[in-house]
Amino acid sequence: MVSARLPAHRRPVRTGLALVASGLLVLLAAFAASAQSVRVQVERAPYYVGEAFEVQVIAEDFEEEPTPEVEPGALDGATLQFVGVSPSTSTSITIVNGRMTRTHEVTFVHRFALTARREGPLRVPAFRVRQGTTERETRPFDVEVSSVPTSDAFEVRLELPEGPLFVGQKVPVAIELHIDRDRVEDLVGYQLLVPFFESPMLRFLDDRSAASDDALEIQTGHGVLRLPATTTERTIGGRRRIVLRAERTMIPLAAEPVESEGPTAVFTLGRGFRQGFFGRREATSSERYLASGDPVRLEVVEVPREGRPASFASAVGEGFSLEVSADRSVVQLGEPIGLTLRLRGHGDLSTAGLPPLDAEGLFDAERFRLPAEAPPGIVDEEGKTFEVTLRVLDASVREIPALAYSWFDAGTRRFETTHSRPIALSVGAAEVIGASEVASAEETADDEGLAGSGSAPDTSDGDEGSAPEASSTRRGSLALAGADLAVERDPAKVLRRADAVGVLGEGPLPIGLYGVGAALLVVALVDARRTRRDPRLVRREALRRQARIEVERALAGSDPREVAAQLGRALRALVAELPDEAGPEFDALIAECDALRFAPEDAARARTLPPALADRARRFVAERGSDTRARASSLAVLLLASGLLLGLASGSARAVGGEPTDSSEAAAADEALAPARLAAALDAYQSAMAEPERDARLARFARAEAAFAALVADGWESAALQTNLGNAALQAEHPGRAVLAYHRALALDPDARAARQNLAYARGLLPAWVPRPPETTGLAALRIDRRVPASSRALAAAVCFALAAGGLALSVRRREGAWRGLALVAAIAWGLLLASIVVEAHDRERSGRSHAVVMVDDVPARSADSPLAPLALPDPLPAGVEVELLEERGDWARARLANGRDVWLRASSLERVRPG
């Protein structure tokens, strides 16, 4: 390759060309960056006060999507209304000298209607056009607005009430257009502006259902407002006039003066009329007239604070009434009652709420459990409806009291109060029964079922306020058994660590059975290997063993000549049977033995057997038996591997069956004091059962609950202890903690009958609308892992393993018989039993981590993870509701109810059945 170097005088030229090219590129980039352009196009003058004219903002060379946004600047003395946007695209192709150029143009035209409210120069501000990261701005400009002559033939009026007005007060307002009767025929159109209607401190209500053929059109910044209107003919000031009137309802929103310009209307009249093409009357020219109203100043004040009742909740108006209804009138102590409160009245119901429910004239907080906040209401055609859930805390309550509701009457300027009607209640104490009563109740229920009696017990003669009878008539067959609230007192059952059952079972018996089975398998493998060996190898091993015996026997003699003779015979016999064992070492040993054997008698007597000869003979026969030792080593490795597998199986059993208790936690728990602490908790529970006064009883049950919970916190995790904790929480009216404790008891021992029964009882105490998990029915209830305890299944699995190992060993030893079939059946049963234990433990672990319980009362269920999101359910969730956790997002958790509905709850109101 030949390279040419530029002459020195041409290098600056090349550098200059490069700089020029770079500059062109920069200019092209700058031009491309500024390719988007915006401009303003205005309708031709003249411009008149009160008459809209069109302003167009044209954006060129922007992208086709998305549509650019236009933001106008601040405008004083005029109203700007967005009319619409018109996008357009065009593509052109030009061919010059064989070169084709394609041009694609995109244009957006945003149209606005500008209406000036006063004459003189009007400054139109800049418009900012934005699309993504691209932003362009127009230049501001001025227009001259001409005045419109006035005429007493036209008038605009805004009718307002006399002040001061009160925040939340509903008052009527009206807007009227007056036109002389003889000028109506020449009227072509009008444009009406009412700045008062666009005040941010006012809210207006319109009756869209009013039947009217006429409408009054008002130009606003958000479009044309069409109000139903009435047209009448009246004599005003001695002149016949046509009056177009529209009415609205106004509600002040803030205690501040409202000031605005007066309404203006521009009337356009035709002159020189002619008949058009379709026979319509058309004007050849027109003239405009302006009518202006007086400026507006309205005084708005707050509702007086002096003398304001506690039951006042921002209601302003007149004629309010409050109706209260309950979803039940016969309840047990602590059961939820759903109240529906309907508020009616002539006032702004959208701002009217409920006062605090524990305010004077409403509920007594010591006798009713109330929600923390007053619920929001729903406004409909009949009024405003509030839904409240409360619970009775005092058995002496006999009614929902008459509730007070106060409002401010703006006409009389004083507060008024109404009262709802009381609702009679029958409240019974919660029924507590023991284990013996549960058994008798179940037997009674079974007897009634066998007898085929489907009628309810007759309670017509009983006292209406009797708690046991009321509850028995209200509860179903599941609740007939009540709750087994008797606590477990045996420390050996309560003070235990986790009751998890491993794959290998508990205790020495299952482990021993697995050890026996493993030993039988090892014996079977060794025997199978021995029986499958080559007979020649077996005979060779026997000859070597016999040779070792003969050598040791010969070396035990005292006569050197005799020892040498026996040693030579033993070695020759081995080589005779195994010719491949002969070699130089064998020949040297035989020669030395013969030399000692055939030595002269005097020399032989004087000599002794050389120690080296004995060692060489022993080593010769020992080296020929090395394969036997190798087999022994293999057997040892096999036994060691079996031991390791057994240990790993035991470790996996503990991992699957349950988490081991932390040794540090176990060491922290005082083993000696645990029985005394349990006895104190049981005494507190028993004293609470005997306490007649309700508040003292709840306090003692709460102390018993705290004592049981302290034992759980110290590492005691038995199902009996969790059941005791749930019973104390249920009696202390803590349903969330009770349901959680029963679930944890069942996670430790699925066969805990009392925990399962009490969990069903606690679910029955929830409101009827709360979704409940379905009971296990159908084929799932017939599965063996639902009917046989896990510990029994683990023991049965160990027995099946031992039987399978024994059958396999016998089938190897005895080649005939049904031992192999027995081993196969036992092995299949062993695998199924182990699978049921592993699946149950896995399901329990997964269910415990994905399921949670609502721990506090009145938890709002929302449709998204925000406190401002709409409610997903009309009523808040009570404590004790069981949910499935789907995800957590910050302070919120998405949970699925038992009916499959997903809601968002505060994560702090939930607790998992299995922490972690």
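1. A residue is called buried here under 20% relative accessible area, exposed over 50% and partly exposed in between, with a 1.4 Å probe and protein chains only. On that scale R413 is partly exposed, because its relative accessible area is 46%. R413 lies in the loop between β31 (404-409) and β32 (414-419), where it takes a positive phi of about 60 degrees although it is not a glycine.

2. The model is a predicted one, in which local features need pLDDT of at least 70 and side-chain atom pairs count only at pLDDT 80 or more, while totals for chains, interfaces and linings use all residues. Residues are numbered from 1 along each chain as its sequence is written, and side-chain values use heavy atoms, with hydrogens and water left out.

3. Confidence is expressed as pLDDT, the predictor's confidence in each residue on a scale from 0 to 100, and a contact means heavy atoms within 4.5 Å. The chain averages a pLDDT of 76, with 76% of the residues scoring at least 70. The pLDDT is below 50 over residues 1-6, a stretch that has 3 contacts in the model beyond near neighbours in sequence. Residues 776-786 also have a pLDDT below 50, and beyond near neighbours in sequence this stretch has 9 contacts in the model. Where pLDDT is low, the predicted coordinates should not be read in detail.

4. For the aromatic residues, rings of Phe, Tyr and Trp (its six-membered ring) are taken to pair if their centres lie within 6.5 Å, with planes under 30 degrees apart counted as stacked, over 60 as edge-to-face and the rest as tilted. The structure holds 14 aromatic pairs. One of them joins F196 and F204, whose ring centres are 6.1 Å apart and whose planes stand at 75 degrees, so this pair is edge-to-face. F196 counts as buried because its relative accessibility is 0%, and F204 is likewise buried, with a relative accessible area of 13%.

5. F408 and F415 also make an edge-to-face pair, because their ring centres are 5.2 Å apart and their planes lie at 65 degrees. F408 counts as buried at 1% relative accessibility, and F415 is buried with a relative accessible area of 18%. Together with F166 and F312, the rings of F408 and F415 form one aromatic cluster.

6. A charge is said to sit over a ring if NZ of Lys or CZ of Arg is within 6 Å of the ring centre and within 35 degrees of the ring normal. The charged end of R248 sits in this way over the ring of F197, at 4.7 Å from its centre.

7. For the secondary structure, helices (H or I, at least four residues) and strands (E, at least two) are DSSP runs numbered from the N terminus, and two strands pair if DSSP finds at least two bridges between them. An open sheet of 5 strands has the order β38-β37-β36-β35-β39, and its pairing is antiparallel. Its edge strands, each pairing on one side only, are β38 (902-906) and β39 (910-912). Direction ignored, neighbouring strands of this sheet are turned by 45 degrees against each other on average; axes are lines fitted to C-alpha atoms, for helices over the stretch in contact, and angles run from 0 to 180 degrees between N-to-C directions.

8. Within that sheet, strand β35 (residues 851-854) pairs with β39 in the antiparallel sense over 3 bridges, and V853 stands opposite E911 in β39. Helix α17 (residues 735-748) lies across β35, β36 (882-889) and β39, and runs at about 155 degrees to β35.

9. An open sheet of 3 strands has the order β2-β10-β7, with mixed pairing, and the edge strands, each pairing on one side only, are β2 and β7 (120-124). β2 and strand β10 (residues 141-146) pair in the parallel sense over 2 bridges, with S146 in β10 as the bridge partner of Y48.

10. Some backbone details deserve a look against the background that most residues other than glycine have a negative phi, and most peptide bonds are trans. A cis peptide bond, with omega about 10 degrees, joins A45 and P46, and P46 is found in the loop between β1 (37-42) and β2 (47-48). D61, a residue other than glycine, has a positive phi near 65 degrees; D61 is in the loop between β3 (52-60) and β4 (69-72) and is partly exposed, with a relative accessible area of 37%.

11. Strand β8 (residues 127-131) and strand β9 (residues 134-137) pair in the antiparallel sense over 4 bridges, and the bridge partner of R128 in β9 is E137. The hairpin of β8 and β9 has 2 residues between the strands, and in this hairpin G132 takes a positive phi near 65 degrees.
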